Amino acid sequence: MKNLFKSLKFEMLTADSVSFMVSFIRMSGLQLLIRPLTELQQRGIKVRILTSLYMNVTEAKALRKLLEFSNVEVRVFDSGRESFHTKAYLFERASGLHTAIIGSSNLSHAALVNGHEWNVKVPDSSYLPIYKQAMEKFQKAWDDERSHILTEELLERYEQHLDEKETKPVIRPSFQISQVAESNVSYSPHPDIEPNEMQKKALQALKQTRENGNRKGVVIAATGTGKTYLSAFDVFELKPKRMLFLAHREELLDNGKDTFEKVFNNTHLCGKLTGKEKDIHKPFLFSTVQSLHSEQVLHHFHPNEFDYIIVDEFHHAEAPTYLKILHYFEPTFLLGLTATPERMDGRDVLALCNYNVVYEIRLRDALEAELLAPFHYFGLADDTVDYNEIGLRNGLLDKRQLVKALKTNERVDYVHEMIKRYGFDGEQLIGLGFCATIEHAMFMSESFNRLGYVTKVLTGNDSPEYRRQVVQQLEDTEDPLQMIFSVNIFNEGIDIPRLNLILFLRPTESSTVFIQQLGRGLRKVEGKEFVTILDFIGNYQKSFIVPLALAGETNSRAFDKDSLRIAVQHEFADLPGASYVDLDQVSQKRILEKIDSIRMDLLAMLTSLYAQFKRELGRSPEVIDFLYSENAPNLHFFVKRLGSWVKTKKKMKDLSKVDEVILENEQVNELFERMENMYPIKWPYELAILEAANEVPVVHQSDVFRIIQRRFGILPDEEKHRSLIYDAMVKLTQGYKKHKHGIGIIENDGFRVDKRLSEALSIKIVREKFMERIEYGVVEFRRTFKPDRFLGEGERVIRYQNYSRNDLIFLFQAGVQEGTWREGVSRVGNHYLFFINLNKDEAVSDHLHYKDYFIDQRHFHWQSQNQTSHSSSVGQAYINHKEKGIHIHLFVRKFNKMHEITLPFTYLGEIDYVSSHGDKPMSIKWRLHHPVPEDLFIDLIR
């Protein structure tokens, strides 16, 4: 070729990555490549240069210049006394049109312009694999232990060496340069960015899960709590050489890339792989699934290319495009991020991370921890639309009829009036309106613009660039834009931090989508006090969905109707943080009617629920599906009514081959039934013992602690838990209901599973179902019973959780038979447990109708047993309990039974004596250590 320089420049500017392997570099040659190198830096194109210091020909000044480029990585090959004569210039392209220039030229002026050099440019092709062979040679030399990263320290030594005019090479085979930072990754954190409390706990859980040998995991965290920052902090901790961040929208990539650049305090670290950008050789690659999943692009990467892979909005990961990518790569660790696991097909998606849910923080937790801006939600009756007139298609409102009903001037005027009435935080409106369809969004925008607003429409049809531009306009205080009307693009990952008004302008069919969209406005930002939510609630069938979401329930068929009714009636008075809910009377009445119309206790209802769940899954449901599927009914309904899940499937005439195997083996069937009837577990010991028994022949205390640490990332205090674990082992040896078989025996202070049962559990398909039941119990416990408090802090009973007397006999280690506690007071050592029925059963004798009631949220009036007086030892123990070191615990329930089922007690915490009067019985006023949350208080006093 006539001018190597011109060819190099052209090839560089059209490449997606550049690799040079040259004997030496002189400033005279490098200077001619400064402009293309600068442009590549601006575009984030990675350049790798491998050279040598053989015979001191390479110029230190040239090396120093190369260190200025953030996108250029230089390595120096220590060839010892051998010459390093290789010269190759390699240009890789995402299109597959790679090229190589092979010849005799180094990076020097003479070589590039007027040297007597021979060079040839060859395209990559299967029949002439010169490029491939050259790249393999380059990669082998690049990865060779004799190849050392050019650092400031190394360069200074080389400069000093040149000044002293030494002739021996600086780098010897024994010369040690740390191999930790094998790329130009800068691991200096931003001084002002620190993990929040949620992130610290999640980081600890991630660290623990890796120490436990897990290579995959998912974090479930409410929108706005900083999932992306969490992933960046974890990558910072792990320090991978290469990281892949995968998402399905470009906006999610931009958000991720910005976050990582802030955390790492480095703007040259991250590259994008999208339809337009191909920065594929940056250490941290942010790629859309659409760009990466094609064979051509995917196979540019080695399966082990990325040490760490992050999948944003993980609930999409069961899509074929995702699966292709995830099955191809073999990272050291895979992290899935999602705010809404209920969107997932729990069985398939969670299988991708081996059912390892590392950490969860839901909306209410996040509000309580003040990680989010508070919201003011107004549920407004909307009589401008009669949803009863709109037909259904596949169980959803007919879109065409719906849009026709929503597109009325009367409704526009009503929405406008409500905005004027309720207002918003701050001086400038920054609003987002969720519409039913694009047609509806266009109508709303045009109508609002006529009213004097400045609004625009954004839909999934708009380009990412245009969407970014419009969002920036809305955020810009100098821009007149006030509101965006949207259909579905703001459900996930796209944030408008300064948002102060959200309009729900169409019926909400899914509590999960509602939570996602609500989350758009909850990002904290300086100067923002709250976000206003106006929800136009009509008379549609699923009008109870939104209150369900606000109550922290995402499962529309698994909720506690009574609790939800109370929450609606009292407008979610217990909502954590500074958030607030206001339901007008018409909306409240309609929602309550819908809630009351749902009955869960009939076999016909259970049959219908089962059939519907099966239809939505597209297969027979399994236990694990109840954890994460939005449409799952409550597993406990089936187990309580029909005995077990396999018995349920038998009743529904839907047994699988595995179910038949389980039913045929009476021991396995009884074990599974016993495990399911433990749900929701209040302590994890039995399940940990059973899981350990799947790994070792005799389970000892140390095995149980190991399983607990692996499952929860917490190493419990052995002194606090040792005796409880032993009691749990003994419990597993005892009979259960009318079961014919025991589970195992105590052997040498350990637990051994019955031999025949152990053999049955060794069958692969049975063991899988066994582990699913372990998983269900563990995850439910993690969500409900606060394992950090139970296992970490050693709290045996958790406030506001439900317990039966038998549960408490175990937890307080009373040493009595189950079923023997029937009195209103039970004592274990220096603990007194008060059991209160607030509404006395008519069957109870008059002399047992004690006057027990709440004075207020902090105080409780209680009457002692009839024989107790102030002068009695028991009376004195109550009055002077603090001095005597006695702890008094309050457990209450509204009724003894409901639907013939004995109800559990709710634990309200410890209480202290305030005052008393009267004898036999004593009337005592107690003060609770913690005031009862308002919604629970109102429910209890009704």
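Is D659 buried or exposed? D659 is buried, at a relative accessible area of 1%; buried means under 20%, exposed means over 50%, and partly exposed is what falls in between (1.4 Å probe, protein chains only). Keep in mind that this is a predicted model, where local features need pLDDT of at least 70, side-chain atom pairs count only at pLDDT 80 or more, and totals for chains, interfaces and linings use all residues. Residues are numbered from 1 along each chain as its sequence is written, and side-chain values use heavy atoms, with hydrogens and water left out.

**Around D659**
- You'll find D659 in helix α28 (residues 657-664); helices (H or I, at least four residues) and strands (E, at least two) are DSSP runs, numbered from the N terminus.
- Leaving aside residues up to four places away in sequence, D659 touches V646, K649 and D654, where contact means heavy atoms within 4.5 Å.

- Most residues other than glycine have a negative phi, and most peptide bonds are trans.
- K920 sits in the loop between β35 and β36 and is exposed, at 55% relative accessible area.
- Another cis bond runs from Y679 to P680, with omega near -15 degrees; P680 is in the loop between α29 (666-678) and α30 (685-693).
- D749 isn't a glycine, yet has a positive phi of about 60 degrees; look for D749 in the loop between β25 (744-747) and β26 (750-753).
- D749 is exposed too, with a relative accessible area of 56%.
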